[in-house]
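Dear colleague,

Please find the structure below, together with its sequence. I would be grateful if you could look it over before reading the notes that follow it.

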Amino acid sequence: MTKNTNIRISLPAVCLVWQIAMIILFGVFVRYNEESDARWIEHLKEKNISSNIENDFYYRYPSFQDVHVMIFVGFGFLMTFLKRYSFGAVGFNFLIAAFGIQWALLMQGWFHAFDNEDWKIKIGIENLINADFCVAGCLIAYGALLGKVSPVQLMVLTLFGVTLFAVEEYIILELLHVKDAGGSMVIHTFGAYYGLTISRVLYRPNLFQSKRLQGSVYHSDVYAMIGTLFLWMFWPSFNSAIADHGDGQHRAAINTYIALASSVLTTFALSSFSQKHGKMDMVHIQNATLAAGVAMGTAAEFMITPYGSLIVGFCTGIISTFGYLFLTPFMENTLKIQDTCGIHNLHAMPGVLGGVIGAITAAAASESVYGREGLINTFDFKEATANRSPSVQGGFQAAGIFVAIAFGLVGGALVGGILKLPIWGDPADANCFDDEVYWELPDDEPDNISVSVHPNPNHVRSVQQE
């Protein structure tokens with residue numbers, strides 16, 4: 001049921017070797033930061049801090065909980081729509097997320113939290129949030145490859161994906177001083193183009209052999225909708241989790257909340273208009289309703305105004321829904337990109353749009369809207385960027401989009417070439433989208449899966465060639 005090869009790298013070996021390596025690396029490099037160390041009480045006295053409530057944990061942990069649920073529950077269940085791949089969707093999501101956050105703490109730590117005095121990485125609650133963000137990019141890439149790759153391939157994808165993410169993030173946020181609190185560029189644009197490029201390199205011309213398993217059934221779409229609702233509810237936390245304390249975090253939650261509500265109504269309307277008899281398509285409802293969260297990521301903490309957030313939600317609902325209707329078939333039939341979950345419509349296009357919105361909003365910022373101190377605080381016009389104007393900031397914001405796309409395309413091409421080697425135990429074309437290849441299934445699981453799918457022929461994320 002997997003491709004026949006003479007050499008095959010096994011999952012148990014990879015997991016054990018990796019975990020031992022992590023134990024060694026964490027032992028050498030990782031320590032608690034001052035806010036999580038037992039010497040915090042001494043720090044309180046030195047800094048004349050009156051209460052433990054000033055510890056960053058109390059500001060960030062509620063958001064961390066929400067983001068953590070999105071990573072392990074939201075992303076996992078969103079991908080359970082396939083009739084025979086629920087174990088792989090949730091289980092492999094669990095595997096690579098747990099795998100990736102360990103490597104992310106190290107990679108991001110070396111770039112952002114490295115203490116040059118003792119050569120240690122100092123971690124606290126914000127590092128955990130950023131590690132989850134880093135892993136999100138790899139989970140987005142997994143969406144394009146869902147059902148077509150082995151768990152070992154996914155771990156390789158995550159290993160390189162986290163590494164590329166850490167470098168790309170450092171360039172965009174630290175060198176260019178771009179603002180991207182919710183990761184429209186750093187997370188979504190990079191992750192989507194990374195996954196789409198790998199999918200193109202791993203193109204399977206005979207994937208039609210497993211077409212019987214590519215559709216959804218009633219209960220699998222219900223499970224996927226659970227993922228949608230978790231993501232939708234917690235996306236304001238995702239976009240505001242690492243925003244500045246105070247007004248920036250508050251504003252990011254408000255803007256995301258409003259934009260998401262707008263995208264829901266727009267998606268329902270367009271889905272109904274696009275289908276015969278005015279019925280809705282669950283593909284659109286599960287995915288396009290979330291696109292506003294992606295598009296609002298960069299500008300979330302900017303003064304985009306509440307009605308501006310509604311406009312963003314309205315536009316992304318249109319773009320994402322039309323993407324599922326028209327671009328997904330075009331990409332598969334013409335560009336040979338087999339995008340199982342339609343991440344181009346949920347993450348790539350809204351991510352780029354979010355970057356553009358951020359650039360325009362930054363360039364249009366003024367003291368009359370933000371106030372002088374507010375402008376400095378929102379865009380961090382301090383030290384090296386103290387003399388940067390809003391219009392120049394807008395240019396740097398736009399440059400961040402191209403950096404994210406470049407890392408996704410180039411990194412995806414290189415990693416795709418590695419994953420194409422015949423040593424990873426990936427499934428044969430006829431056995432893609434089938435849990436039986438890698439999972440022990442319950443005894444009551446029927447041996448033969450019905451070939452029938454929904455009456456709507458578009459009720460698949462990816463339209464395969466006949």
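Predicted model: local features only at pLDDT ≥ 70, side-chain atom pairs only at ≥ 80, totals over all residues.

Residues are numbered from 1 along each chain as its sequence is written, and side-chain values use heavy atoms, with hydrogens and water left out.

Pocket and cavities

Rolling a probe the size of a water molecule over the atoms shows where empty space is left. The search used a 1 Å grid over the protein atoms alone: a cavity is a set of points where a 1.4 Å probe fits but cannot get out, a pocket is an open set with protein on both sides within 12 Å along at least five of seven lines, and lining residues have an atom within 4 Å of a point. Grid points are joined across faces, edges and corners, and a volume is the space filled by probe spheres set on the points.

The largest pocket has a volume of about 1,200 Å³. Its lining has 50 residues, and H112, E126, N130, E174 and I242 lie nearest the centre. At least two lining residues come from each of α3 (56-78), α4 (86-112), β3 (120-123), α5 (125-145), α6 (151-175) and α7 (184-201); helices (H or I, at least four residues) and strands (E, at least two) are DSSP runs, numbered from the N terminus. The largest share, six residues, belongs to α5. By class, the lining of this pocket has 20 nonpolar, 14 polar and 16 charged residues (Ala, Val, Leu, Ile, Met, Phe, Trp, Tyr, Cys and Pro count as nonpolar, Asp, Glu, Lys and Arg as charged, and the others, Gly among them, as polar).

There are three cavities of 30 Å³ or more. The largest cavity has a volume of about 120 Å³. Of the 14 residues that line this cavity, L78, M79, C341, I343 and H347 are the closest to its centre. α3, α5 and α13 (343-363) each give at least two residues to the lining of the largest cavity, which divides into nine nonpolar, four polar and one charged.

The axes of α5 and α7 come within 7 Å and cross at roughly 35°; axes are lines fitted to C-alpha atoms, for helices over the stretch in contact, and angles run from 0 to 180 degrees between N-to-C directions. Contact means heavy atoms within 4.5 Å. Residues that make the contact include F133, A136 and G137 of α5 and I187, H188 and G191 of α7. The contact of α5 with α7 has eleven nonpolar, five polar and no charged residues.

For α4 and α5, the axes come within 8 Å and cross at roughly 135°. The two helices are therefore oblique to each other (angles under 35 degrees count as roughly parallel, over 145 as roughly antiparallel, 65 to 115 as roughly perpendicular and the rest as oblique). Among the residues that meet are G88, A89 and F92 in α4 and N127, L128 and N130 in α5. This contact of α4 with α5 comprises 13 nonpolar, six polar and one charged residues.

With kind regards
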